[in-house]
Amino acid sequence: MSVILKNVHKSYESESGVHPVLKGIDLTIQPGEFVAIIGKSGSGKSTLLNMITGIDRPTTGSVRVNDTDLHSLPPRKLAPWRGRQIGVIFQFFQLLPTLSLLENVMLPMDFCGMYAPRERLQRAMGLLEQVQMAEHAHKMPSAVSGGQQQRVAIARALANDPPIIVADEPTGSLDSKTADSVFTLFRHLVERGKTVIMVTHDNDLAHQVQRTVVVVDGEIVNEYVMQAFPHLDAEQLGHLHSRLERVFVPAGSMIIQEGDEADRAYIIVSGEADVLIHQGFGEDRVVNRLEPGQYFGEIALIHGSRRTASVRAREDMELLAFGKEELSGLLNRSTMTVEEMNQEVRERLAQLATMKQAVMK
Ligand code: ADP
Ligand code: MG
């Protein structure tokens, strides 16, 4: 019951040529996760959601939702499939203006033939109650506020009890207080076991969810980069992302060597590494182990000194490398990151000093 996108590319063609919008998206979302998708306007967030809901199709790559390969669904089966599997919520509510709120909520059940016809009314009322709109059930959409319309849109998205809720900037046109209450509704849905995937402009809201996916120019920022630098905002992450270089190293190889001059630092994406110091004789001594989401090589870059230790791959590893310029750019933009990295460097140097002293004895 998960959402799995593999190497999804999406391009649009126009008179001016082919315009790539998604450039190799790999994304897995587990059942019950609350995921916020953030990124600049035009970065491809809505297009990404449209891949998941099947509203649009990838140019290449695969999308699998709840054990269904979307490309294997014939077009006529797509809408009924979506109606049962995914509740979709848009920024501008998109309630049908000629139907009452209650009728709007009943519509997906009618459309998919879910629930016995006489149950539908009662179920729709129950859903309106859940979003505190039952007393307005017989009003038309235009007779209630934007926040209230969005509550009804959420009730409508829940009509067929879909396991996944996808929302595209659902709080984008609401004032912050109303946005908070709509957001709280989403949180309750997650507590009740729904998977919620929400595009949002609101950084505060994005930080309140379990997982944030940052889209930059049609690509997803590696989540280990975010783990390594948790204080960067979407723009800072985007800036760094575009400058990172992917490096693969085989098991057993020395990635950096104690005493060498330094030009790059690394974030670990997969595999583990040992930090080693030279003992003057025999084998080097392992002083630490690093795992995905950690960085190394920063000390010599910051201090303009030679490598203070060696780092060796324990297994095949994927790394993201960055140079001095990227590091100072990063540190100039985020004081929180400076503080955290300074703290980390202090601890690492203290540990190295202790270990080197022990080796001397
Ligand atoms: P976001 O939701 O992050 O603001 P979108 O996914 O809506 O970004 O759009 C990303 C890019 O794809 C934009 O440059 C937009 O112009 C382009 N785009 C989106 N949909 C279409 C379409 N149907 N035809 C052509 N270009 C499109
Ligand atoms: Mg959008």
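1. The strands concerned, β7 (residues 164-168) and β8 (residues 195-199), run parallel and are paired over 5 bridges; strands (E, at least two residues) and helices (H or I, at least four residues) are DSSP runs numbered from the N terminus, and two strands count as paired if DSSP finds at least two bridges between them.

2. As to provenance, this is a predicted model, in which local features need pLDDT of at least 70 and side-chain atom pairs count only at pLDDT 80 or more, while totals for chains, interfaces and linings use all residues. Residues are numbered from 1 along each chain as its sequence is written, chains are lettered from A and ligands numbered from 1 in the order in which they are written, and side-chain values use heavy atoms, with hydrogens and water left out.

3. The sheet of point 1 is open and has 6 strands in the order β6-β7-β8-β3-β9-β10, with mixed pairing. Because β6 and β10 (219-220) stand at its edges with a single partner strand each, one side of each is left without a neighbour in the sheet.

4. Two helices that pack on this sheet deserve a comment. Helix α6 (residues 176-191) touches β3 (34-38), β6, β7 and β8, and its direction makes about 150° with that of β8, where contact means heavy atoms within 4.5 Å, and where axes are lines fitted to C-alpha atoms (for helices over the stretch in contact), with angles running from 0 to 180 degrees between N-to-C directions. Helix α9 (residues 234-241) touches β3, β9 (211-216) and β10, and its direction makes about 55° with that of β9.

5. A further open sheet consists of 4 strands in the order β2-β1-β4-β5, and its pairing is antiparallel. Its edge strands are β2 and β5 (68-69), each of which pairs on one side only.

6. Which residues surround ligand 1? The shell (residues with a heavy atom within 4 Å) is made up of Y12, H19, V21, K40, S41, G42, S43, G44, K45, S46 and T47. By class it has 2 nonpolar, 7 polar and 2 charged residues; Ala, Val, Leu, Ile, Met, Phe, Trp, Tyr, Cys and Pro count as nonpolar, Asp, Glu, Lys and Arg as charged, and the others, Gly among them, as polar.

7. Polar contacts to the ligand (pairs of N or O atoms within 3.5 Å) include a polar side-chain atom of T47 at 2.5 Å from a ligand 1 oxygen, together with polar backbone atoms of G42 at 2.6 Å and of G44 at 3.0 Å, each from an oxygen atom of the ligand. The protein covers 58% of the 570 Å² of accessible area that ligand 1 has on its own, with areas taken from the Shrake-Rupley method with a 1.4 Å probe. The elements giving two or more residues to the shell are β2 (17-29) and α1 (45-53), and the largest share, 3 residues, comes from α1.

8. Helices α11 (residues 324-333) and α12 (residues 335-360) pack at about 115°, with their axes 5 Å apart. The contact is made by L327, L331 and R333 of α11 and by T335, T337, V338 and M341 of α12, which divide into 4 nonpolar, 2 polar and 1 charged residues.

9. Finally, L99 lies in the loop between β6 (86-89) and α3 (101-112). Leaving aside its neighbours within four places in sequence, L99 is in contact with N104, L107, M140 and P141.

Methods:
A polar contact is a pair of N or O atoms within 3.5 Å; within protein, one must be able to donate a hydrogen and the other to accept it, and residues adjacent in sequence count only if both atoms are side-chain atoms.
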